[in-house]
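Hi,

Here is the structure I promised to pass on. Have a look at it first, and then read on for what turned up.

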Amino acid sequence: MQSPVIFRENPSFEKHWNNFITKNNHVSVFYSLRFIKYQQLYSEDRFVKDLSFILLAPGEHPIAICPLYLETYHGVNRFSYRGEFLESLRTPLIDQSVIEMQGKAIEKEAFEIIERLAKEHQVKKINFLIDPLCAIYLGENFNYLTRNGYLDVSISTQIIDLKKTRELLWMELRKSYKALINKGERTYEVVIMDVNNPDFALHENYRNLHFKAAGRVTRPLATFNQQFEMLKNDEAMLLGIKYQGQFVSFSYFIHLNKTAYYASEADDPEVEVPLTYGPLSQWKAIEYYKSRGWDYMELDNQQFGPQFFDSPTDKDLSISMFKRGFGGKTFPLFRGVRYLDQELMKNEIIEQAQGLIHELSQHE
């Protein structure tokens, strides 16, 4: 028996979606409707339509939610976020109360709906990832995308267990970071803005520094305004580093249901500082979420070298190493790609194989 399905245009959609988030503590911020709006704004002209849906049980109880966006990227219709993996769509999420008894059946039903919508909208490629901040609560350690017809193109991520004592978290830091943090606390002023002290002018400082660091406008103004909306609604935190009264760095974190994610950082390229402040920023964020009783903090991708459908730069590898210095554990970041067009699949797989061969040959 198929479950009733409601889509974004349904007047009760937001009520059901938010009820699901409220009743399930394994839902990460990536399923927040405010973050979904941010993603759609960031997608810009790639974005075509929001096809996100909810499966309902009898009595209109939401038993699964699925963020789903139709994009056109390089002339190809896709279910994706900006046509990429590293910022891809999250998989359907199932209610904790039914996952053990009906989980596989609901999962199968959700992916059948995705398949049907793909055919209706002439989608040629689908990119999904399994959110590790959700999976960690469920004890999932399997890429279930593969049992739904997806190719496994997983990488890894780094997650800190904030349930550990502050002393143990400090012990797990890379030794060189401890000295930088201790000295940084004497050198810099740390400013934290969250739901308790939202300040649009301060948030504009972050936006302006973001543009200054990039040397250009990298994304629409509306995305920064949406980030401030998330902060005002306790779905984000902004951490600033000041040196001699001037902001030299901002780090932006997003959070929900006791899990947090390190989203972005912007540094002033023109100000000379006496020592690096990166370790201080991350440690203060760890302390902040620890003090709020959060469970986990994800530091994002871990890349160790070229893989199929993943070609990290030297900078990516350096960032990965930096993040590992804060302890935690390396977890699978399960990802999957499904092709509904054989010609596109052939071309992209050949392109990826040739790129991988070239990358590996450079390291011989």
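How much space lies in the second largest pocket? Keeping in mind that this is a predicted model, the answer is about 280 Å³.

As for what surrounds that space, 21 residues line the second largest pocket. If you want to find the spot on screen, go to Ile 99, Glu 107, Glu 140, Tyr 144 and Arg 147, which lie nearest the centre of the pocket. Helix 3 supplies the largest share, with 5 residues. Sorted by class, the lining has 12 nonpolar, 4 polar and 5 charged residues.

The other thing to look at is a pair of helices. Two packed helices are described by the angle between their axes and the distance between the axes. For helix 7 (residues 200–214) and helix 8 (residues 221–232), the axes come within 11 Å and cross at roughly 140°. Angles over 145 degrees would count as roughly antiparallel, so helix 7 and helix 8 are oblique to each other. Their crossing is right-handed.

And which residues meet there? On the helix 7 side they are Phe 200, His 203, Tyr 206, Arg 207, His 210 and Phe 211. Helix 8 brings Leu 221, Phe 224, Asn 225, Gln 227, Phe 228 and Leu 231 to the contact. By class, that makes 7 nonpolar, 4 polar and 1 charged residues between helix 7 and helix 8.

Cheers

How values were computed:
Residues are numbered from 1 along each chain as its sequence is written. This is a predicted model: local features need pLDDT of at least 70, side-chain atom pairs count only at pLDDT 80 or more; totals for chains, interfaces and linings use all residues. Side-chain values use heavy atoms; hydrogens and water are left out. Axes are lines fitted to C-alpha atoms, for helices over the stretch in contact, and angles run from 0 to 180 degrees between N-to-C directions. Helices (H or I, at least four residues) and strands (E, at least two) are DSSP runs, numbered from the N terminus. Angles under 35 degrees count as roughly parallel, over 145 as roughly antiparallel, 65 to 115 as roughly perpendicular and the rest as oblique. A crossing is left-handed if the near helix is turned anticlockwise from the far one by less than a right angle, and right-handed if clockwise. Contact means heavy atoms within 4.5 Å. Ala, Val, Leu, Ile, Met, Phe, Trp, Tyr, Cys and Pro count as nonpolar, Asp, Glu, Lys and Arg as charged, and the others, Gly among them, as polar. On a 1 Å grid over the protein atoms alone, a cavity is a set of points where a 1.4 Å probe fits but cannot get out, and a pocket is an open set with protein on both sides within 12 Å along at least five of seven lines; lining residues have an atom within 4 Å of a point. Grid points are joined across faces, edges and corners, and a volume is the space filled by probe spheres set on the points.
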